[in-house]
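Thanks for making time this morning; I would like to walk you through how one chain is divided and how its parts meet. Please have the viewer open as I go.

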Amino acid sequence: MFDAAIIGGGPAGATAGRLLAQWGHSVTILTAPPSRHPSLAECLPPSTSKLFHFLEIQGAIDEAEFFPTTGNTVWWGKNRRRAEPYPDGTGHQVRRSDFDRLLLGLAGAAGAQVQVGKAFHVPDANGARIEFQIDAERAAIPARIILDCSGRAGVIGRTLRVKEKNSRTVALCGIWRNERGWKLPDASHTLVEAYSDGWAWSVPISPFLRYVAFMVDPGETRLVRGTGLSAAYIAQLAKTRAFRKIFSRGNLETAPWGADASLYSAKRFFGPNFLLAGDAGSFIDPLSSFGVKKAMASAWIAAVVANTCLRRPAMREIAMKFFDDREREVYSGYLQKSAALFREAAGKYGHAFWTLRSELLETQKAKDNREVADALKQLKRKSSIRLRRAESVRMESRPAIEGREIVLRDALVAPGLPAPLDYFENVDLPRLVDMAGYHTQVPDLFEAYNRACRPVALPNFLAALAMLLAAQVLVDE
Ligand SMILES: Cc1cc2nc3c(=O)[nH]c(=O)nc-3n(C[C@H](O)[C@H](O)[C@H](O)COP(=O)(O)OP(=O)(O)OC[C@H]3O[C@@H](n4cnc5c(N)ncnc54)[C@H](O)[C@@H]3O)c2cc1C
């Protein structure tokens, strides 16, 4: 019996497998052989590196010498060409087969067993069971907890999948070469271009080789498999302005292939003995370039939750629910970000491809953000403060991550908060609320907070204070 069985050896599976093995659990990663399609190249923006550091794999990533990238070049909405350098460092352009092999190697080196074959879900009254097939042999894999990290295949996740309305998208992908290089402001940039009823995307893995995909609605374009796909691919390229010009100078190296890129989430992200991590639980728009980061962050939390379930069975339900809440929140955050971009393009093209996608979001979060920004402005104008905790505010125990486990911690409960909250921008909110009444100057409160708690930067502190005022947890008299 394994402590943990992990289905899928992509970024999520390899990350969760490595962490659980490092933390002393017996782990098997069950993964499929490489797909018959070429592997995609993908962009990992600089913020992914923060996660690499946190996961202590930045050294291995550096050694792999992936193609570094400094930003995006974008043709979007009403704007002409916009070069958008990253403000926070460089990212990586990776061929996914190389990146995945590296992560899986790290998981193996940490002690996880890696097996190649095909996993099957066997529904069971008590949760899920899995069987694994290698060649003609199929056997049950007994495990105390299962992490489904099988991506879009969703070996278990598929049974709980909720498709996002109006988001059906297929990515038509191809690989282009130009030995003389492309005429671009920066050869390392990801290129993104919106057009009438779709958008084009290109990631380089060298100054000469670029992956190019068109994200289109399969219904709108009446796509057909086989030879029709090549014609559809070229037809999409012809609709663009910038891409058409750039890629007229190169050669399409492969027959184009299609990949489903429709959005989905899950009815729930856990079951009695399993968790859905990464794309097995939800898929965000590739426009964000955050799919890999989201998958690896989800895997880290899934590992923390699995570790908690294995070490402290009494915390199982609380930990699983914590994971579920967090996955839901992350998905809706990304949904809102891409919907804002789709709205921008809808303003120019007005095509159903854009207008329908721009309705993907609920606007509550955007409204909350505006209120926090207003509170921050007011706070900055004030010469002194007299803060007190509102009568309606209570404290409650809430699950939170502490190291490798889910623990219970004090959190604020108030009518103005959508959910109980313990930390915001790394600021310990219950402590800040307790201290707020003792100071009449924001700088004094800031200094006192940093002396008493783990220090935070001023912008984080101000954001937390503004949020507490906007949510009327604190009242300025
Ligand atoms: C067109 C397109 C462009 C994208 N561009 C970017 C980008 O630029 N940047 C970015 O960060 N993200 C991008 N993404 C998103 C990114 O690819 C995913 O979010 C990411 O791969 C999720 O990782 P994962 O480990 O959850 O799933 P996956 O990477 O899908 O890994 C799942 C693993 O499970 C295995 N598996 C599946 N079924 C079985 C089975 N039955 N048995 C055993 N193993 C199985 C698979 O072989 C695979 O190894 C893009 C996605 C698309 C479609």
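Predicted model: local features only at pLDDT ≥ 70, side-chain atom pairs only at ≥ 80, totals over all residues.

Residues are numbered from 1 along each chain as its sequence is written.

The assignment gives domain 1 as 2-35 + 51-63 + 95-164 + 265-343 + 353-357, and domain 2 as 364-476. Counting a contact when C-beta atoms, placed from the backbone, lie within 7 Å, twelve residues of domain 1 and seven residues of domain 2 take part. On the domain 1 side, α8 (291-311) and α9 (316-349) each supply at least two residues, where helices are DSSP runs of H or I, at least four residues, numbered from the N terminus; the largest share, six residues, comes from α8.

Turning to the interior, a nonpolar core is a set of buried Ala, Val, Leu, Ile, Met, Phe, Trp, Tyr and Cys residues joined through C-beta atoms within 7 Å, buried meaning that 20 or more other C-beta atoms lie within 10 Å of a residue's own. The largest such core has 105 residues, with Ala16, Leu147, Leu275, Ala302 and Val305 having the most contacts inside it, and α8 gives its largest share, 13 residues. Leaving aside residues up to four places away in sequence, Val305 touches Leu275, Ala319, Met320, Phe322, Phe323 and Ile406.

Methods:
Domains from an automatic or database assignment. Contact = placed C-beta atoms within 7 Å. Buried ≥ 20, exposed ≤ 12 C-beta atoms within 10 Å, placed from the backbone.
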